[in-house]
Amino acid sequence: MDLRIVSKDFAEKHYAAHKGKIFYDGLIKYIISSPIIAMVWEGSNAINAIRQTVGSTNPIEAAPGTVRHDLSIITSRNLVHASDSIETAEKEISLWFDKDKLFTWTRVHEDWYTGLN
């Protein structure tokens, strides 16, 4: 987890896939408007679990109790970003974090939750 201010150049790299789309300039303007917290989550089915917690991109369509439903009302003020696949996550993690800043750990009670250890 890292608190940071995103530069315009960095934001353009992060949102490069959306360049040319009508909402691109708004995305850039919004993400650089205040400090953000960048995080890497790992665990069993982490991408689906986090995306469920985040909610649908459109806050009006997001389920009650999700971040987007409870804390937003319009898509252009999307409060949170979550990778949509392992491939996207790997790309975004390498963009946002130096490899030496990442580490893996196992909770001693992980097996109680997941049965994977």
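Select asparagine 45, which sits in the loop between strand E2 (36-38) and helix H3 (46-54). Helices (H or I, at least four residues) and strands (E, at least two) are DSSP runs, numbered from the N terminus. Residues are numbered from 1 along each chain as its sequence is written. This is a predicted model, in which local features need pLDDT of at least 70, side-chain atom pairs count only at pLDDT 80 or more, and totals for chains, interfaces and linings use all residues, while side-chain values use heavy atoms, with hydrogens and water left out.

At asparagine 45, check the backbone: phi is near 55 degrees, a positive value in a residue other than glycine. Most residues other than glycine have a negative phi. Asparagine 45 is exposed, with a relative accessible area of 52%. Here buried means under 20% relative accessible area, exposed over 50%, and partly exposed in between (1.4 Å probe, protein chains only).

**The whole chain**

The protein has 6 helices and 2 strands, in the order β-α-α-β-α-α-α-α along the sequence. Its C-alpha trace spans about 45 × 35 × 25 Å along the principal axes. Of the 117 residues, 23% count as buried. Contact means heavy atoms within 4.5 Å; of the contacts with a separation of 6 or more, 51% are between residues 24 or more positions apart.

Colour by pLDDT, the predictor's confidence in each residue, from 0 to 100. The mean for the protein is 90, and 97% of its residues reach 70 or more. Among the elements, H1 has the highest mean pLDDT (97) and helix H6 (residues 110-114) the lowest (72). Where pLDDT is low, the predicted coordinates should not be read in detail.

**The nonpolar core**

Next select Val6, Phe10, Ala11, Tyr15, Tyr24, Ile28, Ile31, Ile36, Ala38, Trp96 and Phe97. These 11 residues form the largest nonpolar core, a set of buried Ala, Val, Leu, Ile, Met, Phe, Trp, Tyr and Cys residues joined through side-chain atoms within 4.5 Å. At least two core residues come from each of helix H1 (8-14), helix H2 (24-31) and E2. H2 gives the largest share, 3 residues.

Centre on isoleucine 36. Not counting residues up to four places away in sequence, isoleucine 36 touches Asp2, Leu3, Arg4, Val6, Ile31 and Trp96.

Rings of Phe, Tyr and Trp (its six-membered ring) pair if their centres lie within 6.5 Å; planes under 30 degrees apart count as stacked, over 60 as edge-to-face and the rest as tilted. By this rule there is 1 aromatic pair. Phenylalanine 10 and tryptophan 96 form an edge-to-face pair, 4.6 Å centre to centre with 80 degrees between the planes. Phenylalanine 10 lies in helix H1 and tryptophan 96 in helix H5, so the pair ties together parts that are 86 residues apart in sequence.

Move to phenylalanine 97. Arginine 4 lies over the face of this ring, at 5.5 Å from the ring centre; the rule asks for NZ of Lys or CZ of Arg within 6 Å of the ring centre and within 35 degrees of the ring normal.

**Helix H5**

Select H5 (residues 86-96) and look along its axis. Ala89, Glu92 and Trp96 are buried. They cover an arc of only 75 degrees around the axis, which puts them on the same side of H5; the arc is that of the directions from the helix axis to the C-beta atoms. An α-helix has 3.6 residues a turn, so residues three or four places apart point the same way. The face turned away from the buried side carries the exposed residues Ile86, Glu87, Glu90, Lys91 and Ser94. The buried residues of H5 pack against strand E1 (2-4), H1, H2, E2 and H3.

**Around H5**

Pick histidine 14, in helix H1. Histidine 14 is buried, with a relative accessible area of 12%. Leaving aside neighbours within four places in sequence, histidine 14 is in contact with His81, Glu92, Leu95 and Trp96.

Then pick serine 83, in the loop between helix H4 (67-71) and H5. Serine 83 is buried too, with a relative accessible area of 17%. Beyond its neighbours within four places in sequence, serine 83 is in contact with Ile47, Arg51, Thr88, Ala89 and Glu92.

Finish on alanine 49, in helix H3. At 36% relative accessibility, alanine 49 counts as partly exposed.
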